[in-house]
Amino acid sequence: MSPFDLVIRGGTVVTATDLYAADIGVRDGRIVAIGEDLPAGREELDARGLLVLPGGVDSHCHIEQLAATGLVNADTFETATASAALGGTTTVIPFVAQHVGTSLAAVAEDYHRRAERGAIVDYAFHLILADPRPEILKDELPPLVRAGHASLKVFLTYDRLVIDDEQLLDVLEAARSHGLMVCVHAENHGMIRWMGRRLVERGFTHPRFHVPSHPRIGEVEAIHRAIACAALLDQPIMIFHVSTAEGAATIHRARGEGRKVWGETCTQYLTLTSAELDRPGIEGAKWICSPPLRDPADQEALWWALEVGTLQCVSSDHAPYRMDATGKLAKGPNPSFKEIANGMPGLELRLPVLFDAMVSRGRLGLKKFVELTATAPAAIYGLHPRKGTIAPGSDADLVLWDAERKVTIEDAPRTDRAGYTPYAGRTVKGWPRHVLLRGRPIVRDGTLLGTPGEGRFLPRRGGWAAVPTGRPAPEFDPARNFGARLW
Ligand code: URP
Ligand code: ZN
Ligand code: ZN
């Protein structure tokens with residue numbers, strides 16, 4: 001009787017810290033042995049000539065989410081997680097999206113129901129708080145934390161989602177008392193509205209004007225403000241989708257001062273620029289996302305920030321909308337940039353595009369690729385070591401990766417329902433061949449085998465903010481002067 005359900009034989013194992021040749025033994029969905037010449041498993045998977053990577057962890061993606069505009073993302077849990085699996089991502093963290101006036105608990109139940117039915121990969125949720133009124137924070141949040149939710153998201157812009165500084169402090173205080181991470185969409189709302197209005201009044205409505213309507217300084221201001229509010233309460237925060245050199249520098253300085261701030265950027269900010277929006281007609285709408293795509297110099301700064309650890313994760317911010325009346329063109333065939341839904345698809349191509357940029361083209365290298373796309377997001381959001389690494393006891397979420405395979409990305413619909421990809425025409429080197437979720441192949445030779453409902457919810461007990469004893473942190477008490485030097 002074999003000690004292993006499966007042995008992955010002869011591959012090159014890569015983690016955030018190591019690279020070595022080894023076999024991997026899997027039992028009951030977990031890695032139970034890593035070594036040379038492991039005994040035969042009940043099943044065997046030949047990994048000779050392939051890299052064996054931890055399954056990707058995409059810690060920021062919008063799936064089947066109702067936006068404040070009333071639009072829902074183009075894909076479902078099934079299509080989004082199918083595309084994740086095909087791209088080598090085995091864990092996703094999408095959102096439970098509360099809107100003003102709604103119950104967070106009811107919304108969470110709804111997202112759970114849909115994910116349970118459709119998800120092909122494992123998942124956790126960030127809870128979006130658009131209406132952090134006292135009964136939500138005091139009555140609805142604690143049971144959700146007990147049920148395994150460990151991170152929140154707030155928006156400092158977007159009509160109907162934006163919260164003010166006082167509300168932000170309420171959220172940070174609640175997060176502190178439960179040991180939760182708070183993720184922040186940091187852009188200055190007033191600047192965006194003011195610029196947008198001025199541009200449209202002067203007839204500048206083409207998609208390219210989305211870029212100046214989200215001023216760079218607005219990202220810096222909001223990042224700085226979020227860090228200041230978090231520092232007042234000594235509460236860890238994660239700045240989502242950093243797009244500018246100055247935004248990264250703001251985080252860099254704050255970390256140097258000992259602030260508990262982490263940072264994320266996304267595939268698109270590293271590999272696409274605002275030039276994409278200059279295309280004739282409405283075509284540039286495909287590349288409208290917020291914050292907007294920026295300049296080559298920003299890309300360099302973001303790569304540097306990832307290299308030195310100022311930013312720790314690269315996510316997709318997958319937010320697909322079709323180029324039709326259900327999505328980007330919901331306000332008609334020729335909308336102004338202000339009327340175009342924000343977001344682009346990215347779950348499937350995140351790892352291939354980043355592998356090409358980071359490994360095949362020699363930037364940062366293999367171990368850092370694993371760190372930024374799997375290990376660090378798992379660690380920051382309380383999923384490590386179950387997810388994001390290859391170690392005895394970890395879930396056998398593995399990608400057998402062909403580092404030599406070249407693929408030209410076609411200008412054609414992919415598995416998600418966006419109907420286009422922002423990376424069309426690009427040739428990338430490196431592609432996932434087989435993908436395992438808890439030891440079961442969900443992709444074999446590039447063909448999807450995973451079935452809807454196979455993905456499981458991952459309850460968490462907090463990320464960096466978690467209190468090791470499991471005791472809740474004390475409530476913020478101004479009399480105890482937690483924010484010492486900031487009063
Ligand atoms: O444009 C984007 N990123 N849409 C998704 C929502 C968000 O702000 O993350
Ligand atoms: Zn955002
Ligand atoms: Zn997002």
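The dialogue below sets values against definitions.

Modeller: This is a predicted model, in which local features need pLDDT of at least 70 and side-chain atom pairs count only at pLDDT 80 or more, while totals for chains, interfaces and linings use all residues. Residues are numbered from 1 along each chain as its sequence is written, chains are lettered from A and ligands numbered from 1 in the order in which they are written, and side-chain values use heavy atoms, with hydrogens and water left out.

Biologist: What makes Lys153, His185 and His241 the residues that coordinate the zinc ion (ligand 2)?

Modeller: Donors are N, O and S atoms within 2.8 Å of the metal (3.2 Å for Na, K and Ca), and water is not among the atoms, so sites may look incomplete. Lys153 (NZ), His185 (ND1) and His241 (NE2) lie at 2.1 to 2.4 Å, so they count as donors.

Biologist: Why is Lys153 called buried?

Modeller: Buried means under 20% relative accessible area, exposed over 50%, and partly exposed in between (1.4 Å probe, protein chains only). Lys153 has 1% relative accessibility and therefore counts as buried.

Biologist: How do you know that Asp5 and Arg42 meet in a salt bridge?

Modeller: A salt bridge is a side-chain nitrogen of Lys or Arg within 4 Å of a carboxyl oxygen of Asp or Glu. The N to O distance for Asp5 and Arg42 is 3.1 Å, so the pair meets this rule.

Biologist: Why is Arg42 called exposed, whereas Asp5 is called partly exposed?

Modeller: Arg42 has a relative accessible area of 56% and is therefore exposed; Asp5, at 24%, counts as partly exposed.
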